[in-house]
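Good morning, and thank you for coming. I would ask you to look at the sequence and the structure first, and then I shall take you through the main features.

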Amino acid sequence: MSETDLRTTPLHDRHLAAGAKMAPFAGFEMPIQYSGILDEHRAVREAAGLFDVSHMGEFRLRGPDALALAQRLVTNDVSTLDDGKALYAVLCHDAGGAVDDLLVYRVAEDDVMLVVNASNIEKDWAHVTAVAERAGLDVEVEDESADTALLALQGPRAFEIFEAATGIDMSDVGSYRFVRPAPGAVFGAQRALVSTTGYTGEPGLEIYLENEAAGRAWDALLEAGAERGLVPAGLGARDTLRLEAGFSLYGHELTDDTTPYEANLGWVVKPDAGDFVGRDALVQQKADGVPRRIVGLVVEGRGIPREGYPIVDEGGAEVGVVTSGSQSPALGAGVALGFVPNEPAYTAPGTRLGVSVRGRVLPATVTKPPFHRAS
């Protein structure tokens, strides 16, 4: 895709005005950093960062069978949701591989929102509509991605900043819950939804609203946060933050050829919830045993583990591969996620392995993520 083919978010002009370093991502021109990845990372850990994630996808399921279709699609138990509650889940194909990971929001009994990764919108839409057609349920499916902006306000001062900007106290809403303010009550948005979700390992909010209100929201939040340590943050810091938190990233820890069990996401697979797509294959894999799985690694010495670098045992034999890696600002060391054989000799915390970095092996210790916990 050429630069002229790239899409932009409703906040593109704000990013350029702020001097953001822009780069292609998932078909969009997106801000990678403003003041610098390390500065933005630390701001989120210590105060707050504001991310434009309007490139994400939003699908709406509406009708009497909205919840039934959601359960047919995802691995987690949709019946545990009440109105105003969200959960994390995986979309699988029939063989159990991950089509995508996503959030499921129960807006009402007949209204469910699915939030999917930007790089997978077209693939996910084809999957969701195909499953809906086969299921023959009474539900309408709509892709609202192009009409929806999404801002992520993340960090220990996020709730304080949001209240200063809007007058709305979200501190008692609870984790993975959301509210729908009255039309016009939040930045003049007519259809806002504010959820206590995020992808940084810190407390925070994600704010969904129509494109026309995105600029007002961005400006008001930055103004309210100016004296509270808030900075605009790009996708570079979003990635280092999620890695420190041990969160999977689609295309890295999860792929069409990777099951939730292999990615250490068995906790979002609920076989008793219903006959979701991929259920039988996942039940069989769990019974047979998972051949490989993701582990966390903390690297010793200078050198940064990167995606694709070999993981080796103490004898130097290649046993796995890094799926995500970076320098951890919190630890001051390289950290990684990667696949190894699903055997205690490779997966037990404290196990000594290595990462081959440009011909030299960096000692590494298997460490159960997260690498950093919010204080």
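Predicted model: local features only at pLDDT ≥ 70, side-chain atom pairs only at ≥ 80, totals over all residues.

**The surroundings of F51**

Leaving aside its neighbours within four places in sequence, F51 is in contact (heavy atoms within 4.5 Å) with V44, L150, L151, A152, Q154, T200, W218, A233, G234, A237, R238 and L241. A second, separate nonpolar core of 28 residues includes L50, L151, A214 and L221. By a nonpolar core I mean a set of buried Ala, Val, Leu, Ile, Met, Phe, Trp, Tyr and Cys residues joined through side-chain atoms within 4.5 Å. Buried stands for under 20% relative accessible area, exposed for over 50%, and partly exposed for what lies in between, with a 1.4 Å probe and protein chains only.

Residues are numbered from 1 along each chain as its sequence is written, and side-chain values use heavy atoms, with hydrogens and water left out.

**The largest core**

Which residues have the most contacts inside the largest nonpolar core? That core has 32 residues, and those with the most contacts are F51, Y105, V115, L193, Y208, L254 and L265. At least two residues each are supplied by β5 (85-92), β6 (98-108), β7, β9 (148-154) and α7 (235-244). Helices (H or I, at least four residues) and strands (E, at least two) are DSSP runs, numbered from the N terminus. As general background, nonpolar side chains tend to be buried together in soluble globular proteins.

Let us take V115 from that list. V115 is found in strand β7, residues 111-116, and counts as buried at 5% relative accessibility. Apart from its neighbours within four places in sequence, V115 is in contact with M56, G57, E58, L102, L103, Y105 and Y208. The C-alpha atoms of V115 and S145 are separated by 8.9 Å, and these two residues are 30 apart along the chain.

**The sheet and its helices**

In what order do the 6 strands of the open sheet lie? The order is β10-β11-β12-β9-β3-β13, with mixed pairing. The edge strands, β10 and β13, each pair on one side only. Two strands pair if DSSP finds at least two bridges between them. β9 and β12 pair in the antiparallel sense over 7 bridges, and G204 in β12 is the bridge partner of Q154.

Helix α5 (158-166) has A158, I161, F162 and T166 as buried residues. They cover an arc of only 110° around the axis, which puts them on the same side of α5; the arc is that of the directions from the helix axis to the C-beta atoms. These buried residues pack against β3 (48-52), β9, β11, β12 (204-210), α6 (211-225) and β13 (230-233). After α5 comes G167, whose phi is positive, near 80°.

Helix α2, residues 37-46, has E40, H41, A43, V44 and R45 as its buried residues. The elements they pack against are β2 (28-33), β3, β9, β13 and α7.

**Backbone details**

Most residues other than glycine have a negative phi, and most peptide bonds are trans. Y176, in the loop between α5 and β10 (178-179), has a positive phi near 55°. Y176 is partly exposed, with a relative accessible area of 26%. F187 is not a glycine either, and has a positive phi of about 55°. F187 is found in the loop between β10 and β11 (193-195), and counts as buried at 12% relative accessibility.

Where is a cis peptide bond found? One joins P369 and P370, with omega about 10°. P370 is found in the segment after β19 (360-366).

**The whole chain**

The C-alpha trace spans about 65 × 50 × 45 Å along its principal axes. Of the 375 residues, 53% count as buried. Among contacts between residues at least 6 apart in sequence, 65% join residues at least 24 apart.
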